[in-house]
Amino acid sequence: QVQLVESGGGSVQAGGSLRLSCVVSGNTWRTRSMAWFRQVPGKEREGVAGIDGFDRPNYAADSAADSVKGRFTVSKDNTGNILYLQMDDLKPEDTAMYYCAAVFSHTFASEWYSKWSSFPYWGQGTQVTVSS
């Protein structure tokens, strides 16, 4: 049994910052690689950033991810059971439901950010709304 619980979402004005947290509990050995995804209504869930089982940050490398480059930073706490996403200089297009996800593998699959269905463990999501 694995539980992922996100927090830290909210409403901010453009240019503001938020830090999302994801606490993992239960059989945490099943969650070696963890990532943040986001989704807006009517669109596919897209990966943003993650940390693999070797504690290496991995940022999505598609055109959508280019928009967050340099503004979002993924990290973990020392226990490895809390995943963070620091989001700075937020823009209205960052508005989405943000989800924490985890997978047993020590490494991410190629183009993991476009393969949300390959992650078996998910949190309930936290809403981020950025106003202009």
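This is a predicted model: local features need pLDDT of at least 70, side-chain atom pairs count only at pLDDT 80 or more; totals for chains, interfaces and linings use all residues.
How exposed is Arg-56? Arg-56 is partly exposed, with a relative accessible area of 44%.

Residues are numbered from 1 along each chain as its sequence is written, and side-chain values use heavy atoms, with hydrogens and water left out.

The criterion is a side-chain nitrogen of Lys or Arg within 4 Å of a carboxyl oxygen of Asp or Glu. Side chains of opposite charge can pair when their charged atoms come close. Asp-52 counts as buried because its relative accessibility is 5%.

The structure holds five salt bridges. Another one pairs Asp-94 with Arg-38, with 3.1 Å between the closest N and O atoms. This pair links distant parts of the chain. Asp-94 sits in the loop between strand S8 (82–87) and strand S9 (96–103). Arg-38 belongs to strand S4 (residues 33–39), and the two are 56 residues apart. Helices (H or I, at least four residues) and strands (E, at least two) are DSSP runs, numbered from the N terminus. Both Asp-94 and Arg-38 are buried.

How accessible are the two ends? Asp-94 is at 0% relative accessibility, so it counts as buried. Arg-71 is buried too, with a relative accessible area of 7%. Salt bridges that share partners join Arg-38, Glu-46, Arg-71 and Asp-94 into one network.

Arg-38 and Glu-46 are among the lining residues nearest its centre, together with Val-40, Lys-43 and Glu-44. The lining has 13 residues. By class, four are nonpolar, three polar and six charged. Here Ala, Val, Leu, Ile, Met, Phe, Trp, Tyr, Cys and Pro count as nonpolar, Asp, Glu, Lys and Arg as charged, and the others, Gly among them, as polar. The pocket has a volume of about 180 Å³. A pocket is an open set of points on a 1 Å grid over the protein atoms alone, where a 1.4 Å probe fits, with protein on both sides within 12 Å along at least five of seven lines; lining residues have an atom within 4 Å of a point. Points are joined across faces, edges and corners, and the volume is the space filled by probe spheres set on them.

Next comes the covalent link. The structure holds one disulfide (a pair of cysteine sulfur atoms within 2.5 Å). It joins Cys-22 to Cys-100, with an S to S distance of 2.1 Å. Cys-22 lies in strand S3 (residues 18–26) and Cys-100 in strand S9, so the pair ties together parts that are 78 residues apart in sequence. The disulfide is left-handed because the torsion about its S-S bond is about -75 degrees. Both Cys-22 and Cys-100 are buried.

S3 also takes part in strand pairing, which requires at least two DSSP bridges between two strands. Six bridges join S3 to S8, and the strands run antiparallel. Leu-18 stands opposite Met-87 in S8. S8 also pairs with S7, through five bridges in an antiparallel arrangement. Ser-75 stands opposite Tyr-84 in S8. The hairpin of S7 and S8 has five residues between the strands, and Gly-80 takes a positive phi near 80 degrees there.

Positive phi also turns up outside glycine. Asp-55 has a value of about 65 degrees. Its place is in the loop between strand S5 (46–51) and strand S6 (57–59). Asp-55 counts as exposed, at 53% relative accessibility. Glu-111 has a positive phi near 55 degrees. Glu-111 lies in the loop between S9 and strand S10 (121–122) and counts as partly exposed, at 45% relative accessibility.

Gln-1 lies before strand S1 (2–7) and counts as exposed at 68% relative accessibility. Gln-1 and Asn-27 are 26 residues apart in sequence, and their C-alpha atoms are 5.7 Å apart in space.

Note on methods:
Buried means under 20% relative accessible area, exposed over 50%, partly exposed in between (1.4 Å probe, protein chains only).
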